[in-house]
Amino acid sequence: YIKPENRRIIAQLSPSSKSLFLWVVYEMEQGQDYLWVNKRRYMEENDITSINTYKKAMAELVRLTFLCASIVKDVYWINPRLMFCGSRINKYRDHLILHEPKKKEE
């Protein structure tokens, strides 16, 4: 979450995508890797009047793999490598690979 590359990606987002990203971060629930986006509420809370502004912002977050559209309308998968609310280790324990540093030869 704190990698400089991630900060740079977020810094390069358009203003509407930054707004949507921040809104998504506050909407994520503990341990969930998906999110239903209430676009009407998002638009109201952020004084957005054009659905196209929302669509462009969402398309940018999807293109940059922060989110991935699901088959359910307005439901998106959250990329746990970039953002996740809760313990990724507990949520994805079946996919956990332990990394052991190489031992230095004496």
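**Exercises on helix α4**

Of the 106 residues of the protein chain, 28% count as buried. The model is predicted.

**Exercise 1.** Determine which secondary-structure elements the protein chain has and in what pattern they follow one another.

*Solution.* Step one is the inventory: the protein chain contains five helices and three strands.

**Exercise 2.** Compare the reach of helix α4 with the expected value.

*Solution.* Helix α4 spans residues 51-63, a run of 13 residues. From first C-alpha to last, α4 reaches 18 Å, close to the 18 Å expected at 1.5 Å a residue.

**Exercise 3.** Identify which residues of α4 are buried, and explain why they lie on the same side.

*Solution.* Taking buried as under 20% relative accessible area, one finds Tyr54, Ala57, Met58, Glu60 and Leu61 in α4. Because they cover an arc of only 155° around the axis, these residues fall on the same side of α4. The general principle is that an α-helix has 3.6 residues a turn, so residues three or four places apart point the same way. On the other side of α4, Lys56 and Arg63 are exposed. Finally, the cover over the buried residues of α4 includes the helices α2 (15-27) and α3 (39-45) and the strands β2 (67-69) and β3 (75-78).

**Exercise 4.** Describe what is found at the start of α4 and just after α4.

*Solution.* At the start, a side-chain oxygen of Ser50 comes to within 3.2 Å of the backbone nitrogen of Asn52. Just after α4, Thr65 adopts a positive phi of about 65°.

Note on methods
Residues numbered from 1 in each chain as written. Predicted model: local features only at pLDDT ≥ 70, side-chain atom pairs only at ≥ 80, totals over all residues. Heavy atoms only, no water. Helix = DSSP H or I, 4+ residues; strand = E, 2+ residues; numbered from the N terminus. Expected span 1.5 Å × (residues − 1). Buried < 20%, exposed > 50% of the residue type's maximum accessible area, 1.4 Å probe, protein only. Arc of directions from axis to C-beta. Contact = heavy atoms within 4.5 Å. Polar contact = N/O pair within 3.5 Å; in protein donor to acceptor, adjacent residues only side chain to side chain.
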